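Visitor: I would like to learn how to read some features of a model. Please take me through them one at a time.

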Amino acid sequence: MNIALQPMLDVAREALARAHAPYSRFRVGACLRAGSGRLYGGCNVENSAYPVGQCAEATAIGAMVVAGDHEIVEVVVLTEGREICSPCGRCRQQLAEFARSGVPVHLAGPEGVRVTTTLGELLPLAFGRETLGPRRADGSAGG
């Protein structure tokens, strides 16, 4: 295993242990490495009104933004199940807001990393800032 991944796995494991998943019992932990080198953890937070739950990746992104970072350079997603679990479509799009297509995404289980892919492989032809066209002087998008 890449020794640099161990701290990310540790953060994701700690986050997974704190997941609030009383309905699905499917706990997820995530860790993002920001361009600054700082690590941000997140867990899934379910709600009895199912659509208002939050994924682990989204929780980690929120923590990262609150701390002042805005670039993701590496991602770990950790689950307890036997199957490989990649970020859902919504999370892939949210990751793409802060990460380039070549950013590594490590999909892990209790034993460690199972698969490493890239955000671009998970979300080809992503909709992003470039899709909206150049920014105007007032900060709004325009073509």
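Predicted model: local features only at pLDDT ≥ 70, side-chain atom pairs only at ≥ 80, totals over all residues.

Visitor: How are two packed helices described?

Guide: By the angle between their axes and the distance between the axes. Axes are lines fitted to C-alpha atoms, for helices over the stretch in contact, and angles run from 0 to 180 degrees between N-to-C directions. Helices (H or I, at least four residues) and strands (E, at least two) are DSSP runs, numbered from the N terminus. Here, the axes of helix 2 (residues 56–66) and helix 3 (residues 89–96) come within 9 Å and cross at roughly 25 degrees. Helix 2 and helix 3 are therefore roughly parallel (angles under 35 degrees; over 145 is roughly antiparallel, 65 to 115 roughly perpendicular, the rest oblique).

Visitor: Which residues of helix 2 and helix 3 make the contact?

Guide: Contact means heavy atoms within 4.5 Å. Helix 2 contributes Glu-57, Ala-58 and Ile-61; helix 3 contributes Cys-91, Gln-94 and Leu-95.

Visitor: How many aromatic pairs does a search of the whole structure find?

Guide: Rings of Phe, Tyr and Trp (its six-membered ring) pair if their centres lie within 6.5 Å; planes under 30 degrees apart count as stacked, over 60 as edge-to-face and the rest as tilted. The search finds one pair. The ring centres of Tyr-23 and Tyr-50 are 5.8 Å apart and the planes are at 85 degrees, so the pair is edge-to-face. Tyr-23 sits in the loop between helix 1 (5–17) and strand 1 (28–34), and Tyr-50 in the loop between strand 2 (39–43) and helix 2, so the pair ties together parts 27 residues apart in sequence.

Visitor: Are Tyr-23 and Tyr-50 exposed or partly exposed?

Guide: Buried means under 20% relative accessible area, exposed over 50%, partly exposed in between (1.4 Å probe, protein chains only). Tyr-23 is partly exposed at 42%. Tyr-50 is exposed at 60%.

Visitor: What is the phi of Leu-125?

Guide: Near 55 degrees, a positive value in a residue other than glycine. Leu-125 lies in the segment after helix 4 (119–122). Leu-125 is exposed, at 88%.

Key
Residues numbered from 1 in each chain as written. Heavy atoms only, no water.
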